[in-house]
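Colleague: Hi! I'm new to this one, could you walk me through it?
Modeller: Happy to, let's bring it up.

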Amino acid sequence: MGLFDSMNISASGLTAERLRMDVIANNIANANTTRARIVNGISVPYQRQLVSFSAANDTSFSTYLDTEINQFSGKGVRVSSIESDQVNPYKLVYDPSHPDAIKDPNSPMYGYVRYPNVDVATEMVDLISASRSYEANVTAINAEKSMAMKALEIGRG
């Protein structure tokens with residue numbers, strides 16, 4: 001493990017958490033968006049986006065060899081995907097006067113409006129979690145920087 005490997009690992013965490021915070025901010029901003037896109041002539045509400053992380057790795061032979069030799073040394077984290085939340089359904093609110101309410105009088109959903117599946121309280125909890133992870137990575141970088149400075153002072157004599 002080189003001198004800057006730990007800083008690179010923390011930097012990858014900073015990048016990933018920053019993207020996660022951006023996605024959460026986008027979710028909160030679109031919490032009431034009922035017309036995110038149109039599918040088959042019907043407006044579809046915004047769907048909550050989720051960020052998935054995975055371990056960062058290279059695919060070269062030397063990387064696999066290094067991985068086997070240093071089995072527990074990581075290379076950081078990367079965002080593997082940003083996916084729509086398909087698990088939680090849209091929120092239904094009865095408001096026949098809303099322009100996006102279901103207009104078919106024969107439908108049992110007549111007068112209901114589909115709102116995004118974004119829960120602002122859940123998003124705030126995720127935002128706090130991402131913020132704490134970001135701060136932990138900043139603290140790790142500062143500690144690494146301080147250790148490097150002390151090592152340089154020792155080297156001076």
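Colleague: Let me start with V51, where is that found?
Modeller: This is a predicted model, to begin with. V51 is found in strand β3, which covers residues 49–55.

Colleague: And is V51 buried, partly exposed or exposed?
Modeller: V51 counts as partly exposed, because its relative accessibility is 22% and the buried class stops under 20%.

Colleague: How far apart are the C-alpha atoms of V51 and I82?
Modeller: They are separated by 4.5 Å, although the two residues are 31 residues apart along the chain.

Colleague: Switching to charges, how many salt bridges does the structure hold?
Modeller: There are seven. In one of them, E123 pairs with R48, with the closest N and O atoms 2.4 Å apart. That pair links distant parts of the chain: E123 is in helix α3 and R48 is in the loop between β2 and β3, 75 residues apart.

Colleague: Are E123 and R48 buried or exposed?
Modeller: E123 counts as buried, at 1% relative accessibility. R48 counts as buried too, at 10%.

Colleague: Which salt bridge do D126 and R48 make?
Modeller: Their side chains meet at 2.9 Å, N to O. This pair also links distant parts of the chain, with D126 in helix α3 and R48 in the loop between β2 and β3, 78 residues apart. D126 is partly exposed, with a relative accessible area of 22%.

Colleague: What about R132 and E135, where do they lie?
Modeller: Both lie in helix α3, three residues apart, which is about one turn of the helix. Salt bridges that share partners, meanwhile, join R48, D85, E123 and D126 into one network. R132 and E135 form a salt bridge as well, with the closest N and O atoms 3.6 Å apart.

Colleague: Back to helices, how do α1 and α3 pack?
Modeller: Helix α1 (residues 5–29) and helix α3 (residues 120–156) pack at an angle of about 160°, with their axes 9 Å apart. That makes α1 roughly antiparallel to α3, and their crossing is left-handed.

Colleague: What's up with the phi of N40?
Modeller: N40 has a positive phi of about 55°, although it is not a glycine. N40 sits in the loop between β1 and β2 and is exposed, with a relative accessible area of 78%.

Colleague: Last one: which residues form a nonpolar patch on the surface?
Modeller: F61, L65 and I69 do, with about 360 Å² of accessible area together. I69 is in helix α2 and is exposed, at a relative accessible area of 58%.

Notes:
Residues are numbered from 1 along each chain as its sequence is written. This is a predicted model: local features need pLDDT of at least 70, side-chain atom pairs count only at pLDDT 80 or more; totals for chains, interfaces and linings use all residues. Side-chain values use heavy atoms; hydrogens and water are left out. Patches are made of residues with over 30% relative accessible area and no salt bridge: like charges are joined within 9 Å, nonpolar side chains (Val, Leu, Ile, Met, Phe, Trp, Tyr) within 5 Å. Accessible areas come from the Shrake-Rupley method with a 1.4 Å probe; for residues, only the protein chains shown count as cover. A salt bridge is a side-chain nitrogen of Lys or Arg within 4 Å of a carboxyl oxygen of Asp or Glu. Helices (H or I, at least four residues) and strands (E, at least two) are DSSP runs, numbered from the N terminus. Buried means under 20% relative accessible area, exposed over 50%, partly exposed in between (1.4 Å probe, protein chains only). Axes are lines fitted to C-alpha atoms, for helices over the stretch in contact, and angles run from 0 to 180 degrees between N-to-C directions. Angles under 35 degrees count as roughly parallel, over 145 as roughly antiparallel, 65 to 115 as roughly perpendicular and the rest as oblique. A crossing is left-handed if the near helix is turned anticlockwise from the far one by less than a right angle, and right-handed if clockwise.
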